[in-house]
Amino acid sequence: MAQVVLDHVTKVFDDQVMAVDDLTLTVGDGEFIILVGPSGCGKTTALRMLAGLEKVTSGRIAIDGRVINDVSPRDRDIAMVFQNYALYPHMTVFRNLAFGLRQRKVPSREIDRRVHEVSEILGLDELLKRRPAQLSGGQRQRVAMGRALVREPKAFLLDEPLSNLDAKLRVQMRAELKRLHQRLGVTTIYVTHDQVEAMTLGDRIAVLSGGKLQQLGPPQDVYDHPVNVFVAGFIGSPPMNLLRANAVNGRITAGDLQLDIPGLADGDVVVGVRPEMLRPAGDGLPAVPFTVDVVEPLGDEIVVHGTVAGRLAGSGADDQIPATGSGAELATVTARFDPQLRPTVGDRIPLRIRPEAVHVFDARTGEAIR
Amino acid sequence: MTMEAQADRIAWPEEAEAVERPRRRWLPFSPWHLVLFPLALIMLLPLVWMIVTSLETQAESLHFPPVLVPGSLHFGNYPSALRSAPFGRWFLNTFIVTSTVVVSNLLLCSLAGYAFARIRFFGRAATFMLLLATLMVPFQVVMIPTFLIVKKLGLFDSLPALIAPNLVSAFGIFMLRQFFRTLPVELEEAARIDGASRLGVLFKIVLPLSLPALATLAVIQFMWTWNDFLWPLIAVFSQRNFTLQLGLTVFQGSHDVFWPLVMAGNVMSMIPMLVLFFAAQRYFVRGIATTGLKG
Ligand SMILES: Nc1ncnc2c1ncn2[C@@H]1O[C@H](COP(=O)(O)OP(=O)(O)O)[C@@H](O)[C@H]1O
Ligand SMILES: [Mg+2]
């Protein structure tokens, strides 16, 4: 177990592709940290630099205070789980698990003991004599985990380890991973593009975009206080509704939505409201007319897509679909309703928006104003 | 390791393409067989003729038109052939030369092929192009320089003279490099993180997964060396250093051409190749398929 430090780490491929841009991050001893971001944002590259599979262009990487920029992968004492598992196809599960220990000249008695201990933890006892091709996806995933665990490394690196599993197994393995980490307490750096995994697994999450660190913090903090439009749009499912707005004399206007935020400088802003913060208005509060066009009942809640007056703001986190309809400006928004409410397509529902639930971002820089 | 292990790993192209395609059948076999079957017969004819001749009498062998069904089988031609020339010695020489060349090619071509496939070093692309260029130079062009080098090294008329120039081949390096590049690189990265050295990765991960390519190279190199006539003709002089091919030719020239004995010698010289070919066939047919080299 160890503390892992990335200090102004940059990676440029072929003198032109800036894959990781000045990433600074300290992973505490025993911490479970998530690198999350859309595909191509540099997560894998960051992890591969930690593993020693990719040279650092500039900056320093240190484990327990020792700079390891020039240390070869075998001497870093870290273990990595690959997205496609990378199990050795010509070896049995036992030999897959034992390979790392054999390379390190661990006595065979000790190898036996550790392999059996790990296979018990992961429920692999029955599979030790099989080859990877004779395993199911979930079993392969566990063998890949086991191969990392058995080495008792200083840190675990996991690159989208659940992305090749079907949805149900993914949820199961997610819980299993969390349990495992609570039990073993190994420093873990986990890469994913799935913000649900990020939210549920991490002690802290680091949101990356375009190779740059956007925000670092406990999942709930990042969810509650996104520092910029990108994070606001990326974390949360369904994502935060983002609308273009204008601030004049401390009053924000976005279509039919009006909010008073004393002290706000005049100018263009982006307002963001999480889907669960949109409620049908009962009382006399200011309301925004919302026209339902898609209803997705999920059992415990209903996700409703519809339009309000206004203009969408892109977060850069995903491809926004422009609102349909011409002339009048309409923006698609998403709300999460109680299942008792049974909205139907075409309904016009007045939505209540509590001012304190509204995020405000600078339209030019994307930074959070509040 | 077994074939299953091989088969699980790599989706062989022929399997990948084995998608059910409904096709109207107007023959109980593929129409291609109409072409392949006569071709196979034509290819087999010299072989059959050789075997038949090796069992005939001298009179039958000289008869025209050729006697394809001999009156009686003279198996005695075989011991006679063995007695009439130092076949044992030649066989041993050929075996020593061929096995050394095959083993050293497997080792050296693996090392070089792996370096070209995976290690980034200064001048890699240029060196590789140079290597490919040598593939296009016919042996006759380098024959004389090679002979001079071997002579300078004091190896003339010895078995090492037959071995040294063939210890490694550009073709082998090229073929293995192509195959190594098809293996998932994550396996090697996982092994390096697990603590294996570069050589450890090659010997414990890459080579065990490359058996089809290695078998292909072994068979090709074996056939080539076993059957080589030109280089032994130049590089050795005394009968005790002859290889089978060279010996058989000399034998043929020195005996007023007693065809049944010559053919008996030829049949015997073919046996090891046939054995190897059938033993390695499963691997090597796949090797050719996956390296994209059509034989
Ligand atoms: N070996 C490489 N050579 C050149 N560019 C690369 C290489 N590896 C990754 N990249 C580029 O670096 C960026 C980050 O890639 P990656 O770290 O794989 O992203 P992620 O894992 O977040 O999807 C991408 O633009 C990708 O195209
Ligand atoms: Mg990736």
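## A tour of the aromatic rings

Begin by selecting Phe121(B), which counts as partly exposed, with a relative accessibility of 34%. Please keep in mind throughout that the model is predicted. Over all chains, the structure holds 15 aromatic pairs.

Next, select Phe147(B) together with Phe156(B). This aromatic pair is edge-to-face, with its centres 5.6 Å apart and an angle of 85 degrees between the planes. The angle places the pair in that class because it is over 60 degrees. Phe147(B) is partly exposed at 21% relative accessibility, and Phe156(B) is likewise partly exposed, at 32%.

Remain in chain B for the following stop, and select Phe87(B), Trp90(B), Phe242(B) and Phe251(B). Ring pairs join these four residues into a cluster.

The tour then turns to charges over rings. Select Arg177(B) and Phe128(B): the charged end of the arginine sits over the phenylalanine ring, 3.9 Å from the ring centre.

For the last stop, move to chain A and select Tyr88(A) with Arg147(A). Which residue lies over the face of Tyr88(A)? It is Arg147(A), at 4.5 Å from the centre of the tyrosine ring.

Note on methods
Residues are numbered from 1 along each chain as its sequence is written. Chains are lettered from A and ligands numbered from 1 in the order in which they are written. This is a predicted model: local features need pLDDT of at least 70, side-chain atom pairs count only at pLDDT 80 or more; totals for chains, interfaces and linings use all residues. Side-chain values use heavy atoms; hydrogens and water are left out. Rings of Phe, Tyr and Trp (its six-membered ring) pair if their centres lie within 6.5 Å; planes under 30 degrees apart count as stacked, over 60 as edge-to-face and the rest as tilted. Buried means under 20% relative accessible area, exposed over 50%, partly exposed in between (1.4 Å probe, protein chains only). A charge sits over a ring if NZ of Lys or CZ of Arg is within 6 Å of the ring centre and within 35 degrees of the ring normal.
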